[in-house]
Amino acid sequence: MKSFASSTREIPPPSDIPRHIAVIMDGNGRWAKKRYLPRVAGHKQGVETVRRVTRACTDRGIEYLTLFAFSSENWRRPAEEVSTLKQLFMAALEQEAERLHQNKVRLKIIGDIAPFGARVVELAGRAQELTAHNVGLTLTIAANYGGRWDLMQALLKLVRTSPLPAEGYTEEQLAPHLALNYAPEPDLFIRTGGEQRISNFLLWQLAYTELYFTPTLWPDFDAKQLDAAIAWYRERERRFGRTSEQLEKTKRESSGRRRIA
Ligand code: IPE
Ligand code: IPE
Ligand code: MG
């Protein structure tokens, strides 16, 4: 029978810690509301959680952490909140870059950040340059990012750079133009705040990611909760379209090979 090509990558070894974790950091507003505080207090506390989780990922040897900080739909929020989020983003870029660098973190920003203004673009450029050669955790912040935006910009780049071949474009040709072209597809997706939706995050890259939803609000998320998500991930059987029996057979064969070697 004909087999169809898929760009989804090969099955990674089971029970490994995830190489790449992608997170929708949700629940800052509700965290603040519960405490009768303005929403901005929740966002400020959320920045603390970013520090905590980044450190926890470094300590656990996670290679890639991708955080959704501002979606292409978040412009619909009140202007005052948008402005606060922009200020917090700017302050973090300015104040955290050196510390990230010391911790060997490579910082990447994905999304169309131009609408945040020249200062943000400059600070983002500087922080990324400073940390570009670091070999520790790759921390990606998605700001004014949308999965649909990403697919469209990748498609436009592909069309501009290579004329349509007679047989058409392939998935492999599109992938290098996506914003996360430097990272493997996420193994584990975490959404805090209780909603069970993707909200236009990494539409292409989440095709075979294990999806973990927790009611914990982002400001309350900590290393223990990260460990719970990773423990849950380790229990998953990642089949990538195959059957359980096929996976068992591959596992037996590879452990047999290891015993012989
Ligand atoms: C996530 O928290 C942060 C951003 C979207 C920037 P929210 O601000 O969405 O918090 P809730 O969902 O209102 O609680
Ligand atoms: C998703 O959170 C975007 C970010 C965390 C940056 P939202 O709180 O904006 O998501 P929806 O709109 O409720 O789905
Ligand atoms: Mg929300």
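Visitor: Which residues are around ligand 1?
Guide: Around ligand 1 are M25, D26, G27, N28, G29, R30, R39, H43, A69, N74, R77 and L85, where being near takes a heavy atom of the residue within 4 Å of the molecule. This is a predicted model, in which local features need pLDDT of at least 70, side-chain atom pairs count only at pLDDT 80 or more, and totals for chains, interfaces and linings use all residues, while side-chain values use heavy atoms, with hydrogens and water left out. Residues are numbered from 1 along each chain as its sequence is written, and chains are lettered from A and ligands numbered from 1 in the order in which they are written.

Visitor: Which element has the largest share of that shell around ligand 1?
Guide: Helix 1 does, with 3 residues; helices (H or I, at least four residues) and strands (E, at least two) are DSSP runs numbered from the N terminus. By class, the shell around ligand 1 has 3 nonpolar, 5 polar and 4 charged residues, with Ala, Val, Leu, Ile, Met, Phe, Trp, Tyr, Cys and Pro counted as nonpolar, Asp, Glu, Lys and Arg as charged, and the others, Gly among them, as polar.

Visitor: And what lies 2.8 Å from an oxygen atom of ligand 1?
Guide: That is a polar side-chain atom of R39, a polar contact being a pair of N or O atoms within 3.5 Å. On its own ligand 1 has 380 Å² of accessible area, of which the protein covers 87% (Shrake-Rupley method, 1.4 Å probe).

Visitor: OK, ligand 2 now: which residues surround it?
Guide: Ligand 2 has I24, M25, D26, F68, A69, F70, S71, N74, R77, R191, R197 and S199 around it, and strand 2 gives the most to this shell, with 4 residues. The shell around ligand 2 divides into 5 nonpolar, 3 polar and 4 charged residues.

Visitor: How far is the side chain of S199 from an oxygen atom of ligand 2?
Guide: An N or O atom in the side chain of S199 lies 2.5 Å from an oxygen atom of ligand 2. For R197 the distance from a polar side-chain atom to an oxygen atom of ligand 2 is 2.7 Å, and for R77 it is 3.2 Å. The protein buries 79% of the 390 Å² that ligand 2 exposes when taken alone.

Visitor: How much space is in the largest pocket?
Guide: About 1,200 Å³, a volume being the space filled by probe spheres set on the points, which are joined across faces, edges and corners. The largest pocket is lined by 49 residues, and M25, N28, V50, F68 and A69 are the closest to its centre. Two or more residues each come from helix 1 (28-34), helix 2 (39-59), strand 2 (64-71), helix 3 (79-102) and strand 4 (138-145). Helix 3 gives the most to this lining, 11 residues, and the lining as a whole has 23 nonpolar, 11 polar and 15 charged residues.

Visitor: Changing topic, what is the phi of K104?
Guide: K104 is not a glycine, yet its phi is positive, about 65°, and K104 lies in the loop between helix 3 and strand 3 (106-110). N200, also a residue other than glycine, has a positive phi near 60° and is placed in the loop between strand 5 (188-191) and strand 6 (210-213). Most residues other than glycine have a negative phi.

Technical notes
On a 1 Å grid over the protein atoms alone, a cavity is a set of points where a 1.4 Å probe fits but cannot get out, and a pocket is an open set with protein on both sides within 12 Å along at least five of seven lines; lining residues have an atom within 4 Å of a point. A polar contact is a pair of N or O atoms within 3.5 Å; within protein, one must be able to donate a hydrogen and the other to accept it, and residues adjacent in sequence count only if both atoms are side-chain atoms.
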